[in-house]
Amino acid sequence: MVSSPDLELKEITTQVISCTRCPRLVDWREQVSLDPPSRYKGQAYWAKPVPGWGDPSARLLIVGLAPAAHGGNRTGRIFTGDRSGDWLFRALHKAGFANQPQSTSRDDGLELFDCYIAAAVRCAPPMNKPLTAERDNCLPFLVQELAALSRVKVIVALGGFAWNVVLKVIGPPSPRPRFGHGASVAVGGRTLIGSFHPSQQNTFTGKLTESAFDDIFSSVDRLLKPGLKGTEDG
């Protein structure tokens, strides 16, 4: 029998995929699919909004910025098929939240345990920079996901953009907490943790190291104990 969170998340997924609220993003996601770089020539691009995915009973929610033009916009799954995903799933696998350290396609066998991944904006934006109106058009999807993911105790925001979106959705405490790598704040009955985004801009420059990224999920693991991944708390 399909559980209520499953049904709710499937309904949200349907809404996300069919969304055309932002003409600029619709044009861009489709444009990049028509002229891909040589390494992706001949591949069929998803070229639609990218829904969240993962364990409907998750206690960990990860929120990124938006799909990459040739990552999630190509594969149809957030953080799949790009360098940021390589970093994220390696760390999640090491921490026990994923069954494998790579994510290359929607049918690659990857499973998430006690973890759900979403993006603040669901379409790939030009220059990786969504407009304020585009961000706001996507906010209801995250609101609905948080309502469906009733067991979420920890939210990891990958980057300052995602941090601010989560605070906007949940309602920030006063004074408003500042983003930083490893920043942590209790908000809305949950713990919000900030992490530098595992983008090449941060990983190639050494701003984000593997050990610093692993530390984020070690903190998550400590917060979720004594409950075990995939089980009821207790």
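**Helix α8**

A residue is buried when its relative accessible area is under 20%, using a 1.4 Å probe and protein chains only. This is a predicted model, in which local features need pLDDT of at least 70 and side-chain atom pairs count only at pLDDT 80 or more, while totals for chains, interfaces and linings use all residues. Residues are numbered from 1 along each chain, and side-chain values use heavy atoms, without hydrogens or water.

In α8 (residues 210-224), Phe213, Asp214, Ile216, Phe217, Val220 and Leu224 are buried. They line one face of the helix, because seen down the axis they fall within an arc of 145°. The arc is taken from the directions from the helix axis to the C-beta atoms. Their cover includes β2 (60-64), α4 (83-95), β4 (154-158) and β6 (190-195). Contact means heavy atoms within 4.5 Å. Helices (H or I, at least four residues) and strands (E, at least two) are DSSP runs, numbered from the N terminus.

**The largest pocket**

A pocket is an open set of points on a 1 Å grid where a 1.4 Å probe fits, with protein on both sides within 12 Å along at least five of seven lines; lining residues have an atom within 4 Å of a point. The largest pocket holds about 890 Å³ of space. It has 34 lining residues, and Ala68, Ser84, Asn128, His197 and Ser199 are the closest to its centre. α7 gives the most to this lining, three residues.

**The second largest pocket**

This pocket holds about 230 Å³. Of its 15 lining residues, Thr13, Pro51, Gly52, Trp53 and Gly54 lie nearest its centre. α1 gives the most, with five residues.

Terms used: Buried means under 20% relative accessible area, exposed over 50%, partly exposed in between (1.4 Å probe, protein chains only). Grid points are joined across faces, edges and corners, and a volume is the space filled by probe spheres set on the points.
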